[in-house]
Amino acid sequence: MPRLAEAVEGGAKEIEVHLDFGRDQQGAKTLVGEARAEVSVMCQRCLQPTQYELIAPIALAVVWNEDQAKNLPKSLDPWILDEGVADLYQAIEEELLLALPMVAYHEEKCIDASMLQAGEVEPEQSEDTSNNPFKVLEQLKGSPK
């Protein structure tokens, strides 16, 4: 699974897949189950690898065109096969890629909490206001006409 290997930092040496093949109420061929793999992904806080248990639920229905895909129940994703041989490894790889986290973090604190502050730092108030060019405007605004 080369695309999965590119998407993670390491791991995925063993992928455990459990699939039940069958048919739904409409007669469509289905693949239902899950795939599991232990992968290493980059922590977005400390930029060090962290272990992540990848669990990809699989609920696919084999269809031959877009029209058949539109008629599937919402619980099944279409696996559209044109006129070729189905590649089960590619379908499983797709589901594992979809299960990757968008942003990965270590479960424990990996950096100091003070480094996680966001927002602007309040500027220090200057005691010296004599060089303020708007001081004159403030005086004019306050004077009665």
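Trainee: What makes the contact of Glu93 with Arg3 a salt bridge?

Mentor: The model is a predicted one, and every value here is computed from it. The closest N and O atoms of Glu93 and Arg3 are 3.8 Å apart. A salt bridge requires a side-chain nitrogen of Lys or Arg within 4 Å of a carboxyl oxygen of Asp or Glu, so the label applies. The pair links distant parts of the chain, with Glu93 in helix α3 and Arg3 in helix α1 (residues 2-7), 90 residues apart.

Trainee: Why is Glu93 called buried, and how is Arg3 classed?

Mentor: Buried means under 20% relative accessible area. Glu93 has a relative accessibility of 6% and therefore counts as buried. Arg3 has 37%, which lies between the limits of 20% and 50%, so Arg3 is partly exposed. Both residues also belong to a network of salt bridges that includes Glu94.

Trainee: How many salt bridges does the structure hold, and which residues does Arg36 pair with?

Mentor: The structure holds four salt bridges. Arg36 meets Glu34 at 2.7 Å, N to O, and Arg36 also forms a salt bridge with Glu53, where the closest N and O atoms are 2.7 Å apart. Glu53 in strand β3 and Arg36 in strand β2 are 17 residues apart, and this pair links distant parts of the chain.

Trainee: Why are Arg36, Glu34 and Glu53 given the label partly exposed?

Mentor: The label covers values between 20% and 50%. Arg36 has a relative accessible area of 30% and is therefore partly exposed. Glu34, at 26%, counts as partly exposed, and so does Glu53, at 43%.

Trainee: How do you know that β2 and β3 are paired strands?

Mentor: Two strands pair if at least two bridges are found between them. Strand β2 (residues 29-42) and strand β3 (residues 49-63) are joined by 14 bridges, so they pair, and they run antiparallel. Six residues lie between the strands of this hairpin, in which Leu47 takes a positive phi near 60 degrees.

Trainee: Where does Ser40 lie, and is Ser40 buried or exposed?

Mentor: Ser40 lies in strand β2, and its bridge partner in β3 is Gln51. Its relative accessible area is 9%, so Ser40 is buried. Residues that Ser40 touches include Val8, Glu9, Gly10 and Pro49.

Trainee: Which residues have the most contacts inside the largest nonpolar core?

Mentor: They are Trp79 and Leu96, in a core of 20 residues. The elements that give two or more residues to this core are β2, β3 and α3. Leu96 touches Met1, Leu4, Ile15, Ala35, Leu54 and Ala56, not counting residues up to four places away in sequence. Apart from this core lies another, of seven residues, among them Ala59, Ala61, Val63 and Ala69.

Trainee: Why does Phe134 count as exposed?

Mentor: Exposed means over 50% relative accessible area. Phe134 has a relative accessibility of 56% and therefore counts as exposed. Phe134 is found in the loop between α3 (88-99) and α4 (135-142).

Trainee: Which residues make the nonpolar surface patch?

Mentor: Phe134, Val136, Leu137 and Leu140 make the patch, which is about 430 Å².

Technical notes: Residues numbered from 1 in each chain as written. Predicted model: local features only at pLDDT ≥ 70, side-chain atom pairs only at ≥ 80, totals over all residues. Heavy atoms only, no water. Helix = DSSP H or I, 4+ residues; strand = E, 2+ residues; numbered from the N terminus. Patch = residues over 30% accessible without salt bridge, like charges linked within 9 Å, V, L, I, M, F, W, Y side chains within 5 Å. Areas by Shrake-Rupley, 256 points an atom, 1.4 Å probe, with all protein chains shown as cover. Buried < 20%, exposed > 50% of the residue type's maximum accessible area, 1.4 Å probe, protein only. Core = buried A, V, L, I, M, F, W, Y, C linked by side-chain atoms within 4.5 Å. Contact = heavy atoms within 4.5 Å.
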